[in-house]
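I am opening a notebook on a structure that is new to me. These entries keep to what I looked up.

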Amino acid sequence: MADDKQAIRDLIKTWTEASAEGDLATILTLMDEDVVFLREGSPPMRGREAFAAQFKQAIEKVRIEAHSDLQEIEVSGDMAYSWNQLSVTMEPLQGGGPMRRSGPVLTIFRKKADGSWVLSRDANLLAEE
C-alpha cells in the first residue's frame with residue numbers, strides 16, 4: 001500500500017509539473033478515458049477530450065502554476081482517494097495581473113490492470129483569492 005500511495009503522490013507531482021509546462025500529452029496519460037471533473041459553478045466536464053479542449057484554450061492565454069498541499073491518501077484495492085489544498089496561479093501571456101484560485105480538491109483514482117494509477121473523478125472547489 002505504501003508503494004500505491006507513493007505512485008499517487010508521483011502522479012500528482014507529474015500532473016502539476018506537466019500543467020506548468022503546458023504538456024497536455026503527459027496529463028492525458030494520467031487520467032481515465034471516462035474521467036469526470038466536478039467544478040463549482042460549471043456543469044461536469046466529462047472525458048479526456050473535453051479536458052484536452054479546455055486545457056488547449058487555457059494555455060493559449062495563460063501560464064499555469066499550481067501547488068498541491070496533499071492532506072490525505074487512502075487506498076482500498078484498485079481504488080484510492082486523496083484530498084489536498086490546491087493553489088493555482090494563471091499568469092496571462094499577453095500581460096496583466098495574475099489570476100489566483102485556491103481551495104480543497106477531492107480526487108478518486110483507479111488502478112489499471114498494468115498497476116499504474118489514473119485520475120478517475122475530481123471535485124475541486126477552487127475559488128478566486
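Which residues is methionine 31 in contact with, leaving aside its neighbours within four places in sequence? I list Trp15, Phe37, Arg48, Phe51, Val118 and Leu119. I note that the model is a predicted one.

**Entry: the nonpolar core.** I looked up the largest nonpolar core next and found 29 residues in it. Met31 is among the members that touch the most others, and so are Ile8, Trp15, Phe37, Phe51 and Phe109. I then asked which elements give two or more residues to this core, and the list reads H1, H2, E1, H3, E3, E4, E5 and E6.

**Entry: helix H3.** I counted 13 residues in H3. From its first C-alpha to its last H3 reaches 19 Å, close to the 18 Å expected at 1.5 Å a residue. Its buried residues are Gly47, Phe51, Ala52 and Phe55. I find them packed against H1, helix H2 (24-29), E1, strand E2 (45-46) and E3.

**Entry: the largest pocket.** I read its space as about 1,100 Å³. The lining has 36 residues, and Phe51, Leu86, Val88, Asn124 and Leu126 lie nearest the centre. Two or more lining residues come from each of helix H1 (2-21), strand E1 (31-39), helix H3 (47-59), strand E3 (62-76), strand E4 (79-92), strand E5 (99-111) and strand E6 (117-124). E5 gives the most, with six residues. Sorted by class, I have 20 nonpolar, nine polar and seven charged residues in the lining.

**Entry: aspartate 32.** Is aspartate 32 buried or exposed? I have it as buried, because its relative accessible area is 9% and the cut-off is under 20%. Aspartate 32 lies in strand E1. Not counting residues up to four places away in sequence, I see that aspartate 32 touches Arg48, Arg110, Val118, Leu119 and Ser120. I also checked arginine 121, which is 89 residues from aspartate 32 along the chain; their C-alpha atoms are separated by 8.6 Å.

**Entry: glutamate 91.** This residue lies in strand E4. I put glutamate 91 down as partly exposed, because its relative accessibility is 36% and that class runs between 20% and 50%. Which residues does glutamate 91 touch, not counting those up to four places away in sequence? I wrote down Lys61, Val62, Arg63, Gly96 and Pro98.

Definitions and conventions. Residues are numbered from 1 along each chain as its sequence is written. This is a predicted model: local features need pLDDT of at least 70, side-chain atom pairs count only at pLDDT 80 or more; totals for chains, interfaces and linings use all residues. Side-chain values use heavy atoms; hydrogens and water are left out. On a 1 Å grid over the protein atoms alone, a cavity is a set of points where a 1.4 Å probe fits but cannot get out, and a pocket is an open set with protein on both sides within 12 Å along at least five of seven lines; lining residues have an atom within 4 Å of a point. Grid points are joined across faces, edges and corners, and a volume is the space filled by probe spheres set on the points. Helices (H or I, at least four residues) and strands (E, at least two) are DSSP runs, numbered from the N terminus. Ala, Val, Leu, Ile, Met, Phe, Trp, Tyr, Cys and Pro count as nonpolar, Asp, Glu, Lys and Arg as charged, and the others, Gly among them, as polar. The expected span of a helix is 1.5 Å times one less than its number of residues. Buried means under 20% relative accessible area, exposed over 50%, partly exposed in between (1.4 Å probe, protein chains only). Contact means heavy atoms within 4.5 Å. A nonpolar core is a set of buried Ala, Val, Leu, Ile, Met, Phe, Trp, Tyr and Cys residues joined through side-chain atoms within 4.5 Å.
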